[in-house]
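I set out to record what could be looked up in this structure, entry by entry.

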Amino acid sequence: MSFVSIQFILFLPIVFVLYWFVFKQTKWQNALIVAASYVFYGWWDWRFLLLMGFTSACCYTGGRLIEKYEGRRSLQKGITAANVVVNLAILGVFKYYNFFVENLDVLLRSMGTQVDWPTANIILPVGISFYTFQAIGYCVDVYKKKVPAARNVVEFFAFISFFPQLVAGPIERASDMLPQFRQQRKFDYARAVDGSRQMLWGMFKKVVIADNCAPIINSAWEHVDMTSPFNLMVVTVLFSFQVYCDFSGYCDIAVGCARLFGFNLRANFNYPYFSRSIPEFWRRWHITLLGWFRDYVYFPLGGSRCSKLRCCFNTIFVFVLSGLWHGADWSFVVYGCFHGLMCSFYVLTGLKTKYEHNVGWQRILPSLKELLMMVTTFALVSLARIMFRAQSLGEAWGYYRRMFTLEVFNPTGGVLGLKVIPWCILLIAVEWVKRNNNHVLELSGHGLMRYQWARWTLYVALVVAIVLCQSPKQDFIYFQF
């Protein structure tokens with residue numbers, strides 16, 4: 001079930017009413033969350049429920065066993081490793097089986113050996129990477145004694161399957177979420193209003209900007225040789241807006257939806273296009289994924305508490321894994337490697353990447369230096385995203401080769417995306433003004449927004465824009481991951 005569907009518009013109020021006005025006890029609310037989440041997820045394909053249920057059961061049992069064998073560290077380590085291996089094996093089969101088989105076949109052929117490895121037509125379960133990482137994180141945290149093992153099976157299944165963040169994050173930690181499932185929850189009107197506002201803004205970004213960018217971008221990628229180099233550059237920029245508005249729009253809806261039910265989810269985006277460097281960008285983009293890799297891969301490898309060369313290796317390794325997490329193709333590996341190399345450059349040179357305040361602190365506009373840094377970072381991120389969008393390295397190379405000619409500065413044949421570019425400019429302008437807030441529609445009650453009529457005028461304007469600017473329905477991009 002997608003957030004931008006009639007089914008969800010009907011589903012959400014029903015669950016909301018049952019949650020607050022029928023199942024008032026915490027244990028029944030948690031049971032309702034599990035049931036609602038399995039309906040939500042099973043709407044795509046009921047068979048996917050078997051995998052999620054199996055993952056949940058394995059990790060719940062694993063956590064209890066780790067707790068049971070306290071003091072027998074080698075046995076606890078074996079249970080944790082078994083859980084990690086089982087979950088990664090499931091992810092590997094569904095997401096990477098054909099990739100590894102095809103590349104192994106190429107390698108063996110180059111060595112003079114021919115083996116007909118069978119490939120499989122495997123349907124990738126929606127969001128499997130997200131809930132698998134969440135489950136693995138729980139097992140490791142129990143082993144490291146960062147969290148106690150969950151005793152209530154309903155609470156644990158609710159933690160893994162919580163429908164607002166189930167299929168595209170944020171990737172939550174047991175230390176943050178399990179206590180929220182245990183505590184009594186009371187309806188908070190102010191929190192519900194704020195959550196609804198964040199959902200509205202997320203819907204605006206998804207429907208008005210991301211979905212209207214999609215047809216332009218898809219058409220250009222299908223006809224690269226027939227699209228002018230200038231317009232390919234425009235499409236490159238538009239794709240950055242599409243990915244951002246699509247994914248951050250989903251996360252806004254997820255975080256806002258969770259607040260309707262009394263839960264706080266982690267922020268997954270923090271105005272990333274106002275970053276002054278690539279490392280700062282990755283501290284603001286897909287925050288929970290990079291945080292997961294930092295805690296469960298980067299730090300165990302030694303993190304930054306080692307030589308600069310070793311730190312660079314750790315950084316590149318993490319980003320290559322991050323690239324592979326996004327998809328089973330060499331273009332994603334190169335995409336991750338590029339960002340790893342860029343971050344390593346800052347490690348080797350010692351250039352500043354951490355700042356005490358947000359860009360343009362206590363100023364209306366950024367300084368010229370800050371502006372140049374933001375534009376450079378955005379340009380590098382956008383150019384790298386060509387590899388993210390391409391189906392193969394060859395396709396990415398063809399796009400780069402076509403775009404990087406002198407004609408890139410010659411807008412012959414008109415400019416693509418003239419209808420959506422104003423929306424992108426509006427987005428940047430509004431986010432700049434609200435860059436110190438948790439989300440754009442976090443209204444402080446000061447100025448014009450202290451008047452109810454002004455707030456409702458804004459809400460109606462956004463709803464009208466969503467209704468009038470609908471493009472052919474586009475799935476959330478991160479559903480494929």
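Entry 1. I located Ser-275 in the loop that runs between helix H9 (229–260) and helix H10 (278–284). I note that the model is predicted.

Is Ser-275 buried or exposed? I found a relative accessible area of 1% for Ser-275; the limit for buried is under 20%, so this residue counts as buried.

Entry 2. I then looked up the polar partners of Ser-275. Its side chain reaches the backbone oxygen of Pro-272 at 2.5 Å. A polar atom of the Ser-275 side chain also lies 3.5 Å from the backbone nitrogen of Phe-281. Setting aside neighbours within four places in sequence, I listed Glu-280, Phe-281, Arg-284, Met-373, Met-374 and Thr-377 as the contacts of Ser-275.

Entry 3. I examined helix H14 (residues 368–389) against helix H15 (residues 393–403): their axes are 8 Å apart and the packing angle is about 140 degrees. H14 and H15 are therefore oblique to each other. H14 contributes Leu-383, Ala-384, Ile-386 and Met-387 to the contact, and H15 contributes Ala-396, Tyr-399, Tyr-400 and Met-403. By class, I recorded 8 nonpolar residues in this contact, with no polar and no charged ones.

Entry 4. I looked up the largest nonpolar core, which has 151 residues. Phe-8, Tyr-138, Phe-163, Phe-261 and Tyr-478 have the most contacts inside it. H9 gives the most to this core, with 18 residues.

Entry 5. I followed up Phe-163. Leaving out neighbours within four places in sequence, its contacts include Phe-3, Phe-8, Phe-11, Tyr-250, Cys-257 and Phe-261.

Definitions and conventions: Residues are numbered from 1 along each chain as its sequence is written. This is a predicted model: local features need pLDDT of at least 70, side-chain atom pairs count only at pLDDT 80 or more; totals for chains, interfaces and linings use all residues. Side-chain values use heavy atoms; hydrogens and water are left out. Helices (H or I, at least four residues) and strands (E, at least two) are DSSP runs, numbered from the N terminus. Buried means under 20% relative accessible area, exposed over 50%, partly exposed in between (1.4 Å probe, protein chains only). A polar contact is a pair of N or O atoms within 3.5 Å; within protein, one must be able to donate a hydrogen and the other to accept it, and residues adjacent in sequence count only if both atoms are side-chain atoms. Contact means heavy atoms within 4.5 Å. Axes are lines fitted to C-alpha atoms, for helices over the stretch in contact, and angles run from 0 to 180 degrees between N-to-C directions. Angles under 35 degrees count as roughly parallel, over 145 as roughly antiparallel, 65 to 115 as roughly perpendicular and the rest as oblique. Ala, Val, Leu, Ile, Met, Phe, Trp, Tyr, Cys and Pro count as nonpolar, Asp, Glu, Lys and Arg as charged, and the others, Gly among them, as polar. A nonpolar core is a set of buried Ala, Val, Leu, Ile, Met, Phe, Trp, Tyr and Cys residues joined through side-chain atoms within 4.5 Å.
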